[in-house]
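Hi there,

I'm passing along the structure we talked about. Please have a look at it first, and then read on for my notes on what turned up.

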Amino acid sequence: MTQTLLGGLSPTRFLRDYWHKRPLLIRNAVPDFSGLLTPDAMRQLAMREDVESRLIQGEGRHWQFDHGPFRKSDFKRLPKHEWTLLVQSLNHVLPEADALLARFNFIPHARLDDLMVSYAVPGGSVGPHFDSYDVFLLQGQGHRRWQISTQTDLTILDDVPLRILRHFKPEEEWLLGPGDMLYLPPHVAHYGIAEDACMTYSIGFRAPTTHELAQGFLMHLQDSVTLEGRYADPDLRLQAHPGEIGRAMLRQIEAMIARIQWSKRDIAEFTGCYLSEPKPNVFFDPPEAPVSFAAFNKRAGKTGVTLNPKSRLLFIGSRFFINGEAFDSTADETAALQQLADHHQLAAVPATLRERFYEWYEAGWLEIAPS
Ligand code: SIN
Ligand code: CO
């Protein structure tokens, strides 16, 4: 199945020759794909408080950008041409979208961001731009003309509410229909214009900047580093200016700060917690009428459990990270937890994990698999 998705390439070859390196057009990547939801269902999602949505109107140098949630009347006012509605994290609210993401399992989950869907009327587009992330653009219903460019001039227009390239010079162009897919590595300029009313599914990846990682790590260190000692100056000399911070004081403070150290374990712990942390706008919905532990035990024992699509479960060996929290697994739990992390479902729940899973169930992180 992955071979079809990648146009006959094995995941190994795709990773070696294309991933993060060069674009790839795959005709009929998902055979018989006509999309996951109707434009009307998408409008309903864009009216929800808990769903991130945007509306982009315009063309050339004139753009308007609005954030959801929208009202019905906002959609009624729209013209017949040149607008796009975007809904982020479709995989959080639509099981079919989560299942589509599972096809991209040849990329580590820690790199995955979300599935975004766009609905555009004829001429609709978000303008020529580039992204800092890898993306697979899978065409649902309708047709979209994609132009791409490997240009190095990535200057963007001033005074527009979107990141639009000032000088877009297309090098290649394709018309994508249902089931066709275009893979783009970061920084390849692209411009997708709807030929007719069309929907595009973007499987997007995340790549934190060095600055974001460093900031996160410094915050993590704050809780894990404790250093002994206190500033001391038995050899203090009289200063001409009592208001001055002297060189000896600076030297001593530099030496104190230089004692901050970290191990590979700190890096692993930080990485697991950081990458498993859901985005700040993600909220879990605990079950309205949770079943008792005994009932959970019985039902989960029979049908197994599934991870809620908003949960992020990652691991490093037998150290597991879920939604920013870390724990160790015992030898007889590791294989089951790894299975849940890899495939987001687990048929047989080891007895020792049931209590932990019940807590996750009460928090809305995990569900009993349907029978
Ligand atoms: C779209 O679906 O209209 C935009 C996707 C993208 O260019 O990243
Ligand atoms: Co883009």
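Phe 104 and Phe 136 are both buried, where buried means under 20% relative accessible area, exposed means over 50%, and partly exposed lies in between (1.4 Å probe, protein chains only). Their ring centres are 4.9 Å apart with the planes at 50°, so this pair is tilted. For ring pairs, the rings of Phe, Tyr and Trp (its six-membered ring) need centres within 6.5 Å; planes under 30 degrees apart are stacked, over 60 edge-to-face, and the rest tilted. The pair connects distant parts of the chain, 32 residues apart: Phe 104 is in the loop between helix 5 (95–102) and strand 5, and Phe 136 is in strand 6. Helices (H or I, at least four residues) and strands (E, at least two) are DSSP runs, numbered from the N terminus.

Before going on, a word on conventions. This is a predicted model, in which local features need pLDDT of at least 70 and side-chain atom pairs count only at pLDDT 80 or more, while totals for chains, interfaces and linings use all residues. Residues are numbered from 1 along each chain as its sequence is written, chains are lettered from A and ligands numbered from 1 in the order in which they are written, and side-chain values use heavy atoms, with hydrogens and water left out.

Back to the rings. Phe 327 and Trp 360 form another pair, with centres 5.8 Å apart and planes at 65°, so this one is edge-to-face. It also links distant parts of the chain, with Phe 327 in strand 15 (residues 325–328) and Trp 360 in helix 11 (residues 354–363), 33 residues apart. Both Phe 327 and Trp 360 are buried. The chain has 29 aromatic pairs by the ring rule, and one aromatic cluster is formed by Phe 14, Tyr 18, Trp 19, Phe 104, Phe 106, Phe 136, Tyr 183 and Phe 205.

Next, the metal. Which protein atoms are the donors of the cobalt ion (ligand 2)? They are His 129 (NE2), Asp 131 (OD) and His 190 (NE2), lying 2.1 Å from the ion. Donors here are N, O and S atoms within 2.8 Å of the metal (3.2 Å for Na, K and Ca); water is not among the atoms, so sites may look incomplete. Along the chain the donors follow the spacing H-x1-D-x58-H. Asp 131 and His 190 link distant parts of the chain, 59 residues apart, the former in the loop between strand 5 (112–120) and strand 6 (135–139), the latter in strand 10 (residues 189–194). Asp 131 is partly exposed at 26% relative accessible area, whereas His 190 is buried at 3%.

A few backbone details may interest you too. Gly 68 and Pro 69 are joined by a cis peptide bond, with omega about 0°; Pro 69 is in the loop between strand 3 (62–67) and helix 4 (72–76). Ser 89 is not a glycine, yet has a positive phi of about 50°. Its place is the loop between strand 4 (83–87) and helix 5, and Ser 89 is buried at 15% relative accessibility. Asp 159, again not a glycine, has a positive phi of about 60°. Asp 159 lies in the loop between strand 7 (144–149) and strand 8 (172–176) and is exposed at 80% relative accessibility.

Leu 307 is in strand 12 (residues 305–307) and is buried, with a relative accessible area of 4%. Which residues is Leu 307 in contact with, leaving aside its neighbours within four places in sequence? They are Leu 313, Ile 322, Leu 340, His 344, Trp 365 and Leu 366, where contact means heavy atoms within 4.5 Å.

Finally, the chain as a whole. There are 11 helices and 17 strands, and the C-alpha trace spans about 80 × 65 × 45 Å along its principal axes. Of the 371 residues, 44% are buried. Among contacts with a separation of 6 or more, 77% are between residues 24 or more positions apart.

Happy to hear what you make of it.

Best wishes
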